[in-house]
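Me: I am new to this structure and would like to know what stands behind the terms used for it. Please set each value against its definition.

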Amino acid sequence: MQDKIFALSTAVGKSAVAILRMSGEGTKAALKEIFQPFPDKPNYLKYGNLTIDGLTDTAMLVYFDAPKSYTGEEMAEIHLHGSMPLVRLVSEKLFSLGFRTANNGEFTKRAYVNGKTNLSKAEGLADLVNAESLAALRAAGILARGGLGDIADGLQNDLTDCLARLEAALDYPEEDLEGAEMPLVEEILTAAQKKIDGLLRTARQGKTAKFGARVAIVGDVNVGKSSLLNAIVGYDRAIVSSVKGTTRDTIEESIDFKGIKFTFIDTAGQRETEDEIEMIGVRRARAAMEDADIVLFVSDDDSSEPDWIKTAPVPTIFVKSKGDKNPTRQKADIVVSGKTGENVQQLLEKIFDALGGRQVMTAPVLLTNQRHEECLTSAQECIKEAKSMIRDGITADLIAATIRQAWQYVGQITGNTDMQTVVDAIFSKFCLGK
């Protein structure tokens, strides 16, 4: 990957400053043709003149020498005035100097290929850029800094230790190591299994951190669902009327509560109807409930929850509405008033708690990526199989093969799947002279 690439790193459009980023062998030599005075040392932003086809403008330039750069290659950034015609002019000049437009994610891909980052860190960086809430930003930052990658490395080291013990037993059968090593191997596998279990249990909170939570507001007609939505978001997002069946389609609106994105879905009232459009709304309401992370069942009395809400696959909060008219509570979890806003904040607190919000905002590591979850689940299955094989007295070579599979699955999190590293690590554990 030594060809020269460039990309606009700031948003497209008129702005005070635009930044063009470049990487690849020959970057520095190419830029000396258009920027003077060229910086006399790396890593320092230099003010100077950018001259292209007779047009001169002031700009700033910084370059980074390989391998001490983000990509591990020669890199540079030009900070110029954010005029799109100027950006296009400089881009055309870069084309003539042998650069090409970078593909999506290519700078970070080069960083990975050149050993400057790993896969999980790269994925964390992508999540960081796309974060829509403080929770998402925090989880992405931990991933980008290597939080999950460090745990994966530790797990691989534990599994390598198991493999080293089994390989020693296989290579030196005369020393009868197998009987002594198997209990230690099983102990290490059990500890690794517990670590993975702990990580997998964070997947639901990780999903909430990254994507937020979908909260379906469901109930009969005219019980105050739309009024509740309006009270939550702080303006008249949904039409409120005394006419039954006013809400016929789902209406979505998002808020940020304590750093977590909550997306509320106001739905059509549940009732038998001959109106074809309203029937569609009723079906969509049921679908919204199935797709939600939490359900608010809204009723204006304390009657029992209907059968259709009892089958909800996610936590349900029973909300009694119109508390300004009848504040008593018997079966409901909370009484609110969409008209006055009474207890709306308390309802948000209940949602936050039901979703494990404190865990989302304080956990040292969360699984936010389905790929990582699948890798760990597969590794867990291999570890369980290896432990079962030990208990069944299966030979060490077959147990080692299963542990190698677990090692590979864990390594897919960071991209460390080179079995040569396992071989080197195994034999480094042997004593000198063996």
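**Terms and values**

Reply: The chain exposes about 21300 Å², of which carbon and sulfur atoms supply 51%; accessible areas come from the Shrake-Rupley method with a 1.4 Å probe, and for residues only the protein chains shown count as cover. This is a predicted model, in which local features need pLDDT of at least 70 and side-chain atom pairs count only at pLDDT 80 or more, while totals for chains, interfaces and linings use all residues. Residues are numbered from 1 along each chain as its sequence is written, and side-chain values use heavy atoms, with hydrogens and water left out.

Me: How many helices and strands are there, and what makes a run count as one?

Reply: The chain has 16 helices and 13 strands; these are DSSP runs numbered from the N terminus, where a helix is H or I over at least four residues and a strand is E over at least two.

Me: Why is E349 called partly exposed?

Reply: E349, which lies in helix α12 (residues 344-354), has a relative accessible area of 26%. Buried means under 20%, exposed means over 50%, and partly exposed is in between (1.4 Å probe, protein chains only), so E349 with its 26% is partly exposed. In the chain as a whole, buried residues make up 47% of the 434 residues.

Me: Which residues is E349 in contact with, leaving aside its neighbours within four places in sequence?

Reply: E349 is in contact with F257, K258 and R358, where contact means heavy atoms within 4.5 Å. E349 and F257 are 92 residues apart in sequence, and their C-alpha atoms are 8.7 Å apart in space. Among contacts in the chain between residues at least 6 apart in sequence, 59% join residues at least 24 apart.

Me: What makes β9 and β13 edge strands of their sheet?

Reply: Six strands form an open sheet of mixed pairing, in the order β9-β10-β8-β11-β12-β13. Each of β9 (251-257) and β13 (334-335) has a single partner strand, so one side of each is left without a neighbour in the sheet. Two strands pair if DSSP finds at least two bridges between them; β9 and β10 (residues 260-266) have seven, in the antiparallel sense, and I255 has F262 in β10 as its bridge partner.

Me: How do you know that β1 pairs with β7, and in which sense, parallel or antiparallel?

Reply: Two bridges join β1 to β7 (residues 100-101), and at least two are needed for a pair, so β1 and β7 count as paired, and they run parallel. The bridge partner of F6 in β7 is T101. β1 (residues 5-8) also pairs with β2 (residues 15-23), in the antiparallel sense over four bridges, and L8 stands opposite L20 in β2. Six residues lie between the strands of this β1 and β2 hairpin, where G13 takes a positive phi near 135°.

Me: What makes a set of residues a nonpolar core, and which members of the largest one touch the most others?

Reply: A nonpolar core is a set of buried Ala, Val, Leu, Ile, Met, Phe, Trp, Tyr and Cys residues joined through side-chain atoms within 4.5 Å. The largest has 35 residues, and L159, L166, L189, I399 and I403 touch the most other members. Helices α5 (134-144), α6 (147-171), α7 (178-200), α14 (370-391) and α15 (396-414) each supply at least two residues of this core. Apart from it lies another core, of 34 residues, among them I217, V233, I255 and V336.
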